[in-house]
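Please look over the sequence and the model shown here, and then read the briefing that follows, which moves from single residues to the whole chain.

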Amino acid sequence: MATTYRYLFADLLTNEIIAELPLTGVSFTQQLNQAGTFNAHLLLSGINSYEYNVDASTIPMRNAIYVDRDGVLVWGGIIWSRSYNSTSQILTLEAREFISFFERRRITTTTEFTNA
């Protein structure tokens, strides 16, 4: 029986699935003590990008991606960057596991506690 992978894109705030895209060149890792990585390509010349909702579903820092292997979610994370090569018409996506959020949050105030 062949293994089937699906790539689901969701809104980070609502976790609503926005799209399922036919990615190629996919690689993802899971690591101890740091966030795993995800890299993939999407060839835009062969699909209807409006129908697949490509633009809205791949917005960095706003959308998540889930890897589904035969009906089981095996990886999930935040899309941190996307780049488009107009010559090859390939959209490249980079994501990291959800724990990577804490690497990028900003602390905007300094609070000092004395005798606490």
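In this predicted model, residue D68 is found in strand β5, which covers residues 63-69. Its relative accessibility is 7%, and because buried means under 20% relative accessible area, D68 counts as buried.

**The surroundings of D68**

- A polar atom of the D68 side chain lies 2.8 Å from the backbone nitrogen of G71.
- When its neighbours within four places in sequence are left aside, the residues in contact with D68 are T4, Y5, R6, L8 and L73.

**Two loop residues with a positive phi**

- N15 is not a glycine, and yet its phi is positive, at about 60 degrees; this residue is placed in the loop between β1 (5-11) and β2 (17-20).
- With a relative accessibility of 43%, N15 counts as partly exposed, a term that stands for values between the 20% limit for buried and the 50% limit for exposed.
- Q89 likewise has a positive phi of about 60 degrees although it is not a glycine, and its position is in the loop between β6 (72-85) and β7 (90-97).
- The relative accessible area of Q89 is 32%, so that Q89 is partly exposed.

**Helices, strands and overall dimensions**

- The chain contains three helices and seven strands, and when it is read along the sequence these follow the pattern β-β-β-β-α-α-β-β-β-α.
- The chain is more spread out than a compact globule, because its radius of gyration is 17 Å, which is well over the 13 Å that the globule rule gives for 116 residues.
- Along the principal axes of the chain, the C-alpha trace spans about 65 × 35 × 25 Å.

**Burial, contacts, surface and charge**

- Among the 116 residues of the chain, 30% count as buried, and D68, described above, counts as buried.
- Of the contacts in the chain that have a separation of 6 or more, 51% are accounted for by residues 24 or more positions apart.
- The accessible surface of the chain comes to about 8000 Å², and 50% of this surface belongs to carbon and sulfur atoms.

Note on methods: Residues numbered from 1 in each chain as written. Predicted model: local features only at pLDDT ≥ 70, side-chain atom pairs only at ≥ 80, totals over all residues. Heavy atoms only, no water. Helix = DSSP H or I, 4+ residues; strand = E, 2+ residues; numbered from the N terminus. Rg over C-alpha atoms; globule rule 2.2 N^0.38 Å. Buried < 20%, exposed > 50% of the residue type's maximum accessible area, 1.4 Å probe, protein only. Contact = heavy atoms within 4.5 Å. Areas by Shrake-Rupley, 256 points an atom, 1.4 Å probe, with all protein chains shown as cover. Polar contact = N/O pair within 3.5 Å; in protein donor to acceptor, adjacent residues only side chain to side chain.
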